Amino acid sequence: MATSRLPPATLTLKQFLRRQQVLLLYRRILQAIRQVPNDPDRKYLKDWAREEFKRNKNATEEDTIRMMITQGNIQLKELQKTLALAKS
């Protein structure tokens with residue numbers, strides 16, 4: 001039987017795709033935060049987002065990760081709505 005030439009920490013396809021979802025969400029949150037006009041608020045939100053992602057970076061359960069992505073998307077939509085209202 002041939003042994004795998006991949007390192008033991010290689011992600012499965014499902015894990016890789018989930019990781020891409022998380023990274024996309026993180027980038028989208030940071031892009032939305034850049035639109036916040038008030039510097040202290042922008043810094044607070046940026047620090048908050050960074051800490052939330054750091055705090056949860058070791059999550060491994062599929063259901064937990066999926067739930068966190070859903071919650072992150074909801075919070076992103078709320079931020080985008082708030083920014084749109086502030087501009088109008």
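These questions and answers go through the helix packing and the nonpolar core of a predicted model.

Q: Are α1 and α3 roughly parallel or roughly antiparallel to each other?
A: The axes of α1 and α3 lie 10 Å apart, and the two helices pack at an angle of about 20°. Angles under 35 degrees count as roughly parallel. The two helices, whose crossing is left-handed, are therefore roughly parallel.

Q: Which residues of α3 make the contact with α1?
A: On the α1 side the contact is made by Lys 14, Arg 18, Gln 21, Val 22, Leu 25, Arg 28, Ile 29, Ala 32 and Ile 33. On the α3 side the residues are Glu 62, Ile 65, Arg 66, Ile 69, Gly 72, Asn 73, Leu 76, Leu 79, Gln 80 and Leu 83.

Q: Are α1 and α2 roughly parallel or roughly antiparallel to each other?
A: Helix α2, which covers residues 39-55, packs with α1 at an angle of about 170°, with the axes 10 Å apart. In this pairing Val 22, Leu 25, Tyr 26, Ile 29, Leu 30 and Ile 33 of α1 meet residues of α2 including Leu 45, Ala 49 and Phe 53. Since angles over 145 degrees count as roughly antiparallel, α1 and α2 are therefore roughly antiparallel.

Q: Which element gives the largest share of the largest nonpolar core?
A: This core has 10 residues in all, among them Leu 25, Ile 29, Ala 49, Leu 76 and Leu 83. Two or more of its residues come from each of α1 (13-33) and α3 (62-87). The largest share, 5 residues, comes from α1.

Q: Which residues does Leu 83 touch, not counting those up to four places away in sequence?
A: Leu 83 belongs to the largest nonpolar core and is also one of the α3 residues in contact with α1. Leaving aside residues up to four places away in sequence, Leu 83 touches Ala 32, Gln 35, Val 36 and Pro 37.

Q: How far apart are the end C-alpha atoms of residues 20-77?
A: An unreviewed UniProt entry lists residues 20-77 as "domain: Complex 1 LYR protein". Over these residues the chain is 81% helix and 0% strand, and the distance between the end C-alpha atoms is 19 Å.

How values were computed. Residues numbered from 1 in each chain as written. Predicted model: local features only at pLDDT ≥ 70, side-chain atom pairs only at ≥ 80, totals over all residues. Heavy atoms only, no water. Core = buried A, V, L, I, M, F, W, Y, C linked by side-chain atoms within 4.5 Å. Buried < 20%, exposed > 50% of the residue type's maximum accessible area, 1.4 Å probe, protein only. Helix = DSSP H or I, 4+ residues; strand = E, 2+ residues; numbered from the N terminus. Contact = heavy atoms within 4.5 Å. UniProt positions renumbered as here; feature names shortened; annotations may be inferred. Axes fitted to C-alpha atoms, helices over the stretch in contact; angles between N-to-C directions. Parallel < 35°, antiparallel > 145°, perpendicular 65-115°, else oblique. Left-handed = near helix turned anticlockwise from the far one by under 90°.
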